[in-house]
Amino acid sequence: MKKSMGQKIFLAFNYAFLSLAGLLCLLPFINLLAVSLSSSSAVAAGSVSFVPKEFTLSSYQFVLHSSKFITAFFISLKRVLLGVGLNMILMICTAYPLSKGKKQLFAKPVYTWYFVITMLIGGGLIPTYLVIVKLRLIDTIWSLVLPGALPVYNMIILMNFFKSTPEELEEAAQIDGAGVWTTLWKVVLPISKPGLATVALFCIVSHWNSWFDGLIYMNNPRHYPLQSYLQTLVINPEQMLRISGGDYTKILAMVNARTGRAAQLFLGALPILMVYPFLQKYFSGGLLMGSVKG
């Protein structure tokens, strides 16, 4: 279809605006990478912008030899594996029944509002903390996983996606003798990969980037997830060099607080950057189909 002059102007403006917005989001990350790959003297002199000066990997060598960073990294990795696995199981088992009509699920509006109301009214920080204490989950990985075991917003996206799947497929499976669980696992889920990938990406990012709950529920800093550990370094960057051990003067000659912090922040964001491209192809379709019923 031939585009009018107004449409062409709008598209040109739209592409320019989105390109500028994307560049503004990308430039701080490029600067972070440049700082992490530059020498401490060049960074201290303020001569590093978007291109590394006096290229060196000393900051990454320093970080990868830090036992606290490695420990925090694996705690976050463990949290993502446990948390996302639990999230997906609970979301699937909740969203699938709620995607059915009133004839198939008795009192469906009651169940739906039971979950939706938790998005509107929360228990608050102090009551939640007291519950975690009473359950003796303080200083355990489960204090980071169980409070958000069922993300209701993501469950609703998945529920709407299940609604868009053809009912005829399920009816054909049931005619062939498949039960509810067989229909779910062998018919519905295989054709719901876009929706599953979308909510899985949301859950991965949520667990990996979460830092506040680690500060609250972990009394021992050795149990901090990666983002909580990095948050303490942002507030007190000099602590990173002091707790590293060894000759403080020699360490300061190789890296400073800014280069070491930049290297750790980049490594902390790297796993999400590696996962996102694999889920991107499902993301747009899953989000759109989960927003409205086709």
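This is a predicted model: local features need pLDDT of at least 70, side-chain atom pairs count only at pLDDT 80 or more; totals for chains, interfaces and linings use all residues.

Tutor: Let's start with the length of helix H5, residues 108-120; helices here are DSSP runs of H or I, at least four residues, numbered from the N terminus, and strands are runs of E, at least two. Residues are numbered from 1 along each chain as its sequence is written, and side-chain values use heavy atoms, with hydrogens and water left out.

H5 also has a kink of about 25°, centred on Tyr-114 (the bend is the angle between axes fitted to the seven residues ending at a residue and the seven starting there). Lys-108, Phe-115 and Val-116 of H5 are buried, meaning under 20% relative accessible area with a 1.4 Å probe, protein chains only; exposed is over 50%, and partly exposed is in between. The buried residues of H5 pack against H4 and helix H8 (152-163).

Now for the core. The largest nonpolar core has 61 residues, and Met-155, Leu-158 and Tyr-229 touch the most other members. Helix H4 (residues 67-98) gives the most to this core, 11 residues. Such a core is a set of buried Ala, Val, Leu, Ile, Met, Phe, Trp, Tyr and Cys residues joined through side-chain atoms within 4.5 Å. Beyond its neighbours within four places in sequence, Leu-158 has contacts (heavy atoms within 4.5 Å) that include Met-91, Ile-92 and Ala-95.

Technical notes: The expected span of a helix is 1.5 Å times one less than its number of residues.
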